[in-house]
Amino acid sequence: MAGKTTRVVMPQLGESVHEGTISRWLVKPGDKIVEFEPMLEVDTDKVNAEVPAPVSGILREILAKEGETVQAGAEIAVVETGDGQTPPPAPADAAPSPAPAREGRGEGRQTPSPAPAAAAPSPAPAAAAPSPAPAAAAPSPAPAGEGRGEGRGPEQPAEPHRYSPGVQMAASELKVDLSRVTGTGIGGRVTKKDVQDFAAKAKAAPSPPAPATAPPAAVTRGDADEVVQLTRVRRLIAENMTRAKQTIPHAWQTQEADMSGVVANRNASKAAFQKQEGFSLTYLPYVMAAALSALRENPHVNATFNETELIVHRDINLGISVGMEDTLLVPVIRRADGLSIAGLARAVNDLATRARSKQLKADELAGATFTVNNSGTFGTLFSYSVINPGQAGILTMEAIVERPVAVNGLIGIKPMMYLCFSFDHRVLDGLQAARFLTACRKWLEAVSLETPVY
């Protein structure tokens, strides 16, 4: 007599992750599986994760094939436990610790330490399908009489003398063509209210369909060319960066900072820091501290543009770029403004170490309100970084280079560094961006031997 079966469900791989794509099954029907050992690999919009088996037994059936995108809680496999015992289902928030996308599928796998995929006892009722979203209400037709020609004979543009300065200013601000506005004033004159009403009706009207775009040109491949398929994470990065450039009007500024005080402070502190912490003190935590101080002074930089409003975030959740061979991750330090230079260094070291060993959780890659990039580690001098959607800017620290600098009429050699700031021009104008960047530079230039690291 066959043993009891357990239905394995897709776990929720983090608080903000509600679905995953099955990239590879590590077992096949008929294979013996062992509880907590990897059972399949799942890609999410954040990371790639190995999902461990929730029970030991024999895999009888795979319900979700490779390449399928599955909602959290949906059944994906059936396991015969063989002992007549069915384990209780795992709590809804139990999830394996996802690991970042790996360079190649064939490398050694690492099993996440937290709870495995949730298991549902069999027989189990099918999960209720999510209710379809209600269809969007069709836009109301524009009221009759909006156009000039309706019931009035052929359109005739209004004479220039009928447009007062106030009307012309309103039309310029609202981007309204005055020749299309029907005047309701004395003698058919166009009033400011006419312009405002016309703009409101135009905004409520359905947008015309976007013009068809030409297909991309065919790519010519040579006989010796190699075709490399994009990983899911690489495709998501491409989609996010394309969306960022298409929707965010990027602007850019740079300032040069004298890093003499920072260099002196680090040189005086690094030996004791290495002994106490077990890793090296770099320049990145200093630049992060400068950015955090400037964000407190300029809170509108720590904001999100939301079409008709600006959301200014109370908490400063700092994203830190961590580059790897096949991907780029931006783990987040939450409420980073409460940390010292040493505290920031510990947080960066912890996140970077776990990112490279594929131990980050999905929630540690979400929720940043501002990002600091350190491409200067590789010798860059000027970077025009792409802003992450949902943020108002990204600050990049460049290489520290000794250069001749004029100080009080004398030439001296100083360690100098460019700070580059890409910002969302919908949120910030040049003045606000310059104030933020100046605050960063002044903080760095004020560092001395007495500046505390702890």
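The dialogue below works through how to read several features of a predicted model.

User: How many helices and strands are in the protein chain, and what share of its residues is buried?

Analyst: Helices (H or I, at least four residues) and strands (E, at least two) are DSSP runs, numbered from the N terminus; the protein chain has seven helices and 20 strands. Buried means under 20% relative accessible area, exposed over 50%, and partly exposed in between (1.4 Å probe, protein chains only); of the 454 residues in the protein chain, 42% are buried. For contacts, meaning heavy atoms within 4.5 Å, residues 24 or more positions apart account for 66% of those with a separation of 6 or more.

User: How do I read a sheet, and which order do the strands of the open four-stranded sheet have?

Analyst: Two strands pair if DSSP finds at least two bridges between them, and in this open sheet the order is E5-E4-E2-E7, with antiparallel pairing. Strand E5 (48–52) and strand E7 (69–71) stand at the edges, each with a single partner strand, so one side of each has no neighbour in the sheet. Neighbouring strands of this sheet are turned by 40° against each other on average, direction ignored, where axes are lines fitted to C-alpha atoms, for helices over the stretch in contact, and angles run from 0 to 180 degrees between N-to-C directions. Strand E2 (residues 19–25) pairs with E7 in the antiparallel sense over three bridges, and glutamate 19 stands opposite glutamine 71 in E7.

User: What is a salt bridge, and how many does the structure hold?

Analyst: Side chains of opposite charge can pair when their charged atoms come close. The criterion here is a side-chain nitrogen of Lys or Arg within 4 Å of a carboxyl oxygen of Asp or Glu, and the structure holds 13 such salt bridges. One of them joins the side chains of glutamate 41 and arginine 24 (3.4 Å, N to O); because glutamate 41 lies in strand E4 (residues 38–43) and arginine 24 in strand E2, the pair ties together parts that are 17 residues apart in sequence. Glutamate 41 is buried, at 0% relative accessible area, whereas arginine 24 is partly exposed at 26%.

User: Where do arginine 441 and glutamate 445 lie?

Analyst: Both lie in helix H7 (residues 430–445), four residues apart, about one turn of the helix, and their side chains meet in a salt bridge (3.2 Å, N to O). Elsewhere, salt bridges that share partners join Asp350, Arg354 and Glu364 into one network. A further salt bridge links aspartate 424 and arginine 426 (2.8 Å, N to O), with aspartate 424 buried at 1% relative accessible area and arginine 426 partly exposed at 34%.

User: Which residues form the nonpolar patch on the surface?

Analyst: Patches are made of residues with over 30% relative accessible area and no salt bridge, like charges being joined within 9 Å and nonpolar side chains (Val, Leu, Ile, Met, Phe, Trp, Tyr) within 5 Å. Here Trp252, Leu381, Phe382, Tyr384 and Val401 form the patch, with about 450 Å² of accessible area together, and valine 401 is placed in strand E19 (residues 401–407).

Note on methods
Residues are numbered from 1 along each chain as its sequence is written. This is a predicted model: local features need pLDDT of at least 70, side-chain atom pairs count only at pLDDT 80 or more; totals for chains, interfaces and linings use all residues. Side-chain values use heavy atoms; hydrogens and water are left out. Accessible areas come from the Shrake-Rupley method with a 1.4 Å probe; for residues, only the protein chains shown count as cover.
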